[in-house]
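Visitor: Hi! Could you walk me through this structure?
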Amino acid sequence: MAERIDGRAIAARLDAETAAEVAAIVARDGIAPGLAVVLVGEDPASQVYVKRKIEACARVGIASSEHRLPADTPQDALLTLIARLNADPRVHGILVQVPLPAHIDAGIVLGAIDPAKDVDGFHPVNVGRLSTGTGGLVPCTPLGVMMLLDSVLPDLRGLDAVVIGKSNIVGKPIAMLLLEREATVTVTHIETRGLADIVRKADIVIAAAGAPRLVRGFWIKEGAVVIDVGITRVPQDDGRTRLVGDVAFDEVQHARAVTPVPGGVGPMTIACLLANTVKAANQKK
């Protein structure tokens, strides 16, 4: 039976560390780290995510502010808001919830955020720093994935890692973080030929393709560590839905360890957002 990597427990420990750092910053500076969350439109999933992030800020003492804009907000108006938040010394982190409405260019908007306040780690400057190993703010989900890996594999040197998924916000950053830790990394995706054969050789499998139950039991070798980043709501025969990952969890119990969905990577993403906000605040001191 594979070890179940408890993302909720690891996130709770990280939150406790973050809360202690927040208290130290307040004692030192007289002001709590500030996170501004911008939501454009009324996408239901985005509203849920924003609510969770605001609640998480309150738990650790981060001062959060919400900026909700209607779906027809002009791009220039959004850029004006970001410029104001960039200039506000009480704001240490800025998060623009995606997806954005179709008339807004997400690349332009995310690129307008001060890299020092880019707690999502999406700004080209932070992407460049990650790729060159020169610091910066790391995207939250990849950072969380590495912490989950560290809980079972503190030394990654020489291990074969396969990343399934090539997105700019998950797959590519995870690959760079693994390379920094001296793992041997293969980046694949759902169009990769012979994907099952490639995965079967891996000591570490990071599934981030957004394809429910893509990774089957026979893909995973005995003793591998599997991190499931995917999360999709799928319909059931009874008319209800349930959340599933990219990995057929019940089929990979011969692995050394595996993350569940939900309760694995998800809690770590928000915990790392809070940690990045504190890191940004400390860099501004």
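This is a predicted model: local features need pLDDT of at least 70, side-chain atom pairs count only at pLDDT 80 or more; totals for chains, interfaces and linings use all residues.

Visitor: At what angle do α1 and α9 pack?
Guide: Helix α1 (residues 7-29) packs with helix α9 (residues 265-283) at about 20°, and their axes are 9 Å apart. Helices here are DSSP runs (H or I, at least four residues), and strands are E runs of at least two, numbered from the N terminus. Axes are lines fitted to C-alpha atoms, for helices over the stretch in contact, and angles run from 0 to 180 degrees between N-to-C directions.

Visitor: So are α1 and α9 roughly parallel or roughly antiparallel?
Guide: Roughly parallel, therefore, since angles under 35 degrees count as that, over 145 as roughly antiparallel, 65 to 115 as roughly perpendicular and the rest as oblique.

Visitor: Which residues make the contact?
Guide: Among them are Leu 14 and Ile 25 of α1, and Met 268 and Val 278 of α9. Contact means heavy atoms within 4.5 Å.

Visitor: New topic: which element gives the most to the lining of the largest pocket?
Guide: That is α2, with nine residues; α2 spans 44-60. A pocket is an open set of points on a 1 Å grid over the protein atoms alone, where a 1.4 Å probe fits, with protein on both sides within 12 Å along at least five of seven lines; lining residues have an atom within 4 Å of a point.

Visitor: How many residues line the largest pocket?
Guide: There are 50, and Tyr 49, Thr 141, Ile 231, Gly 266 and Thr 269 lie nearest its centre.

Technical notes:
Residues are numbered from 1 along each chain as its sequence is written. Side-chain values use heavy atoms; hydrogens and water are left out.
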